[in-house]
Amino acid sequence: MISKIKTPNKLGLAVALIFASMLMLYNPDYNSCVAHASDNNISDFCYRLDVSVTNNTGSDLTDKPIRVEIPTLSYINNKQMDSRGWDLRPTQGGFGNEIDLLTINTNNNQSPFYITFESIPKDETRIARLYLGNNEQKRNQGIIFTGNENLNHAYDSHFAITDNLKIDVELEVLDSTAHTGDIIKLFNSNQGYRLSFLDDSGTLKLRAEVNGDACNYTWNTSWNNTNKLITYRFLADTGNDLFIDVDGVNVMACDTDEPSITIPTSTLDIGNNTLKNTIIRDIKIFEGTTEKANYGFDFNTLSETSKTNPNYSGIANDYSSNNKHLTYTFVRDQSNINASVGGLVFTSTGASALLDTQNIDIISGKFGGNDIYNNTANTNAFGYDLLATGMNNMGIPNNLGFTIFFTGFALIFGLSAFVYTKSITITTFSMALPYSYASINGFIPYWWLIIFLLVMVTSYGATKWSESS
C-alpha cells in the first residue's frame, strides 16, 4: 500500500521559520576568532597586518618612524581591533622583537600609524608585522623623540607653579649615547623649571633645573630599553629642595637655596626638537597633590590636524579635567620611503584571509569590510533630523528606533498591498520598500534587509510547497 504524503502543517512551518530567523538575528556581528588569555604567542592574537617599507633615500635608516594610514574605523567596528588600540603588538624580524608604534585616532579609515623601524638599509625592504585582536596585550604606547618632535602649550598661568612642584615622566631610553635635550620645560633665561638630558663630556645625565640652579645625575645604562618613572620635585626648604627620583626612589638631592620658582612668560615644551633616542609614555604635572595636567598619548587622546610632508601636527589631549591640551609638531620626512599596507589576515594559517579593504566594488563598498553590518547614516536624508531628534528625546538608540519605525511602515505598506492585490509577491515587494530606503540611507544595517528578504522568500516558497503537496 502506498501511503499518502502528509501535508505539512503550516503552523509548524511558521514556527520553524521564526526559529530560523531568530538564529540569523542572533549576534550578526559575531567574530569567530577568540584570542587566548595571554599574549606570548602568535596564536594568542586573532589577526595580522603586514607593512612593507622600501628605503630609497640613499642612506641607511635607524629607528625611523614610518608613517602609514590604517583603516582603524573598519577594524574597530568589525571587532577586529580594540577601540583604544591596546591590543596591538608591532614586531620586526620576529614575533619576539616588539618595536615602537604610535597610533593616532582620526575617527576614520585613514588613521596615521608611526611604526618605528629599527633598521632599514638603503635600497632594501623590511616588513613590520602588527598583530591585533588580543585584549591581554594592553600596550602602553608613547611618542618616540628623534630630535624633530615638540609638544607645547602657549604660556598659561595654570602652569606657573612656584613651589611644591612635581613632574612624573614615564620614559624609555633606547640609546644612552650622550646628548643634550629637553624632556619638559617651562624655562627661559635661567628662569622657570626644566627636566632634561645633559651631554656632560660624553656622559648622559639627567638634569633638573630651577631658575639658575641645577641638579645632575648620571644615567644608568642598565635602565636602557625599559620603562622608567623619572620624577622632578622642587619644594622650597632651608636644606635640600630639588630632587630627582627614579621609580619612586630618590637618587639625587640638591640645595639650591631658591625661595621659589620664577616663572617666565614662555611656552610649556615637551621634547623641544632636541630630545633624542627616547620614548615618552606619560607625563603628569602636580602642584602639591593637585593634578594640573596628565598626558598619556594614547590612541584616543591624539588627533591629527595637518599632514604636509615633512610636517605633521595635531592635538594631544589632557586626561585631567583641566583640558590643557598640547599641540604636537613632528618633522618626519617620508620622502623616498615607499610603504604599503597589506590586507588583514588571520594569524592561523588554516583560517580564511580577509581581503584588502582598500579596494572598492561597483557600489563603492569596500572588499573585506563588514558593510553588511556597518552602515553609516546619511544625516541629509529625508526624515533623519525629525526621527533622530525624537528618538534622542525618548532615550531610544537610533538603530532600535529606526528599525521599529520602518518596520511599522513596512507592515502598513504590506497590508495595504495585500488588501488591494491579494498577491504575496507584490506584498513582499511593498514591504521591502521602507527597509530598502532605510538601508540605503544607513538608518538600519543592510543585514536587516537581507534577513527580511530571506525570511519572506523562504516563507513564500514554503507556503507554495505546502499548497502543492
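A: The description starts with the disulfide and then turns to the sheets, a strand and a surface patch.

The model is predicted, so local features need pLDDT of at least 70 and side-chain atom pairs count only at pLDDT 80 or more, while totals for chains, interfaces and linings use all residues. Residues are numbered from 1 along each chain as its sequence is written, and side-chain values use heavy atoms, with hydrogens and water left out.

With a disulfide taken as a pair of cysteine sulfur atoms within 2.5 Å, the count comes to one. It joins Cys-215 to Cys-254, with an S to S distance of 1.9 Å, and because the torsion about this S-S bond is about 75°, the disulfide is right-handed. Cys-215 belongs to strand E13 and Cys-254 to strand E16 (residues 249–254), so the bond ties together parts that are 39 residues apart in sequence; strands (E, at least two residues) and helices (H or I, at least four) are DSSP runs numbered from the N terminus. Both ends are buried, a word that stands for under 20% relative accessible area, with exposed meaning over 50% and partly exposed lying in between (1.4 Å probe, protein chains only): Cys-215 has a relative accessible area of 1%, and Cys-254 has 16%.

Strand E13, which carries Cys-215, is part of an open sheet of nine strands in the order E13-E12-E11-E10-E17-E8-E22-E21-E20, with antiparallel pairing, where two strands pair if DSSP finds at least two bridges between them. E13 (213–218) and E20 (302–308) stand at the edges with a single partner strand each, so one side of each has no neighbour in the sheet. The twist from one strand to the next averages 20°, taken between axes that are lines fitted to C-alpha atoms (for helices over the stretch in contact), with angles from 0 to 180 degrees between N-to-C directions. Within this sheet, E8 (residues 149–153) and E22 (residues 326–331) pair in the antiparallel sense over four bridges, and the bridge partner of Glu-149 in E22 is Phe-330.

A further open sheet has three strands in the order E2-E5-E4, with antiparallel pairing. Its edges are E2 (61–70) and E4 (101–103), each with a single partner strand, so one side of each is left without a neighbour in the sheet. Nine bridges join E2 to E5 (residues 111–120), these two running antiparallel, and Ile-66 stands opposite Ile-115 in E5.

Strand E9 (residues 165–173) has seven of its nine residues buried, so it is largely enclosed by the rest of the structure. Seven bridges join E9 to antiparallel E14 (residues 228–234), with Ile-167 opposite Tyr-232, while E9 and E18 (residues 278–287) pair in the antiparallel sense over nine bridges, with Val-169 opposite Ile-283.

On the surface, Phe-405, Phe-409, Ile-412, Phe-413, Phe-429 and Leu-433 form a nonpolar patch with about 570 Å² of accessible area together. Helices H4 (398–421) and H5 (424–440) each supply at least two of its residues, and H4 gives the most, with four. Leu-433, in helix H5, is partly exposed, with a relative accessible area of 40%. Patches are made of residues with over 30% relative accessible area and no salt bridge, like charges being joined within 9 Å and nonpolar side chains (Val, Leu, Ile, Met, Phe, Trp, Tyr) within 5 Å; a salt bridge is a side-chain nitrogen of Lys or Arg within 4 Å of a carboxyl oxygen of Asp or Glu.

How values were computed. Areas by Shrake-Rupley, 256 points an atom, 1.4 Å probe, with all protein chains shown as cover.
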